[in-house]
Amino acid sequence: MYRWSNKSKMRSLHYQSSVKLLASVTKTLIIIIGLFSTSYAEIAENDFSEAQMLLQGTPHLQNLGAESTEITYVLTRNGPDPIKGSVIGEVSAADAETKRDVFYEFLYNDEAKPFPKVIGFQSNPIIMFFLEWDIGETLNSTTNKHSKTVLRNKIRAALWNDAKIEDVTITYENKVHAGKRISISPFKANKRIDAVKKRQYEFIVSKAVPGGFKSLMSHYEEDGKTIKTELSYTR
């Protein structure tokens with residue numbers, strides 16, 4: 001069932017057919033990890049903002065149990081270019097230090113976008129893959145030329161300086177649990193008036209949800225309507 005078992009031949013064949021895409025994404029991944037992830041090092045709380053700790057410095061994967069498993073999110077977007085699909089994460093068994101290897105693939109509209117497997121994570125890398133994927137979608141929504149690196153840096157700066165954090169409650173398995181909502185508007189200072197400037201992000205995390213994330217969302221206003229892209233935990 002999982003990439004770390006002998007039952008994943010079909011996905012392995014699909015994975016091999018995506019070598020060219022993965023080669024490109026692998027180069028990008030080095031940048032993503034540097035900008036978004038803190039999972040490779042010991043984290044001192046005073047070196048990171050509360051938002052960064054909640055999203056990147058929390059051992060989200062510890063509540064999955066010790067064995068290999070799979071996390072699935074529903075992927076949706078409304079508006080003129082709608083999306084309906086899923087994001088599937090394959091998570092290895094935990095090692096002696098409770099670290100795990102994780103592979104994520106975005107599946108939507110008859111397309112598949114795999115990201116390379118990441119090694120030795122305790123936090124859930126879905127946050128960095130969602131941000132990277134959504135930056136690409138953001139650039140597709142405007143004719144203005146924006147730099148991916150600049151957009152990544154603006155997101156990182158917003159998580160450090162300008163994140164809004166609220167206590168919320170979520171419902172999971174018919175029970176109410178405590179959670180946090182982290183919201184950022186990383187591009188609001190852009191001089192260009194377009195969908196990039198208006199893009200906002202919202203993440204809801206809770207220890208009760210396997211993998212830590214209840215939802216990850218980006219949204220912006222277009223002609224008085226909210227265009228929303230969302231990942232929602234399903235199983």
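The structure is a predicted model in which local features need pLDDT of at least 70 and side-chain atom pairs count only at pLDDT 80 or more, whereas totals for chains, interfaces and linings use all residues. Residues are numbered from 1 along each chain as its sequence is written, and side-chain values use heavy atoms, with hydrogens and water left out.

The protein contains 6 helices and 10 strands, where helices (H or I, at least four residues) and strands (E, at least two) are DSSP runs numbered from the N terminus. Of its 235 residues, 49% count as buried, a term that stands for under 20% relative accessible area, with exposed meaning over 50% and partly exposed the range in between (1.4 Å probe, protein chains only). Among the contacts in the protein with a separation of 6 or more, 54% come from residues 24 or more positions apart, a contact being defined by heavy atoms within 4.5 Å.

Asn124 occupies the loop between β5 (118-121) and α4 (126-140) and is buried, its relative accessible area being 1%. Its side chain makes a polar contact with the side chain of Tyr73 at 3.1 Å; such a contact is a pair of N or O atoms within 3.5 Å, of which, within protein, one must be able to donate a hydrogen and the other to accept it, while residues adjacent in sequence count only if both atoms are side-chain atoms. When neighbours within four places in sequence are left aside, the residues in contact with Asn124 are His60, Leu61, Ile71, Tyr73, Tyr104, Gly211 and Phe213. One of these, His60, is found in the loop between α3 (50-56) and β1 (69-77) and is likewise buried, with a relative accessible area of 6%. With the neighbours of His60 within four places in sequence set aside, its contacts include Leu54, Gln122, Asn124, Gly211 and Phe213.

Helix α4 has 15 residues and spans 21 Å from its first C-alpha to its last, close to the 21 Å expected at 1.5 Å a residue, the expected span being 1.5 Å times one less than the number of residues. Because 14 of the 15 residues of α4 are buried, this helix is largely enclosed by the rest of the structure.

Pro210 lies in the loop between β8 (200-205) and β9 (213-222) and, at 16% relative accessibility, counts as buried. Apart from neighbours within four places in sequence, Pro210 is in contact with Asn63, Leu64, Tyr172 and Tyr233; the C-alpha atoms of Pro210 and Tyr233, which are 23 residues apart along the chain, are separated by 8.5 Å.

Glu173 is placed in the loop between β6 (164-172) and β7 and counts as exposed at 60% relative accessibility, while Asp223, in the loop between β9 and β10 (225-233), is exposed with a relative accessible area of 79%.

Strand β7 (residues 175-184) gives the most to the lining of the largest pocket, with 3 residues. By class, this lining has 4 nonpolar, 7 polar and 3 charged residues, where Ala, Val, Leu, Ile, Met, Phe, Trp, Tyr, Cys and Pro count as nonpolar, Asp, Glu, Lys and Arg as charged, and the others, Gly among them, as polar.
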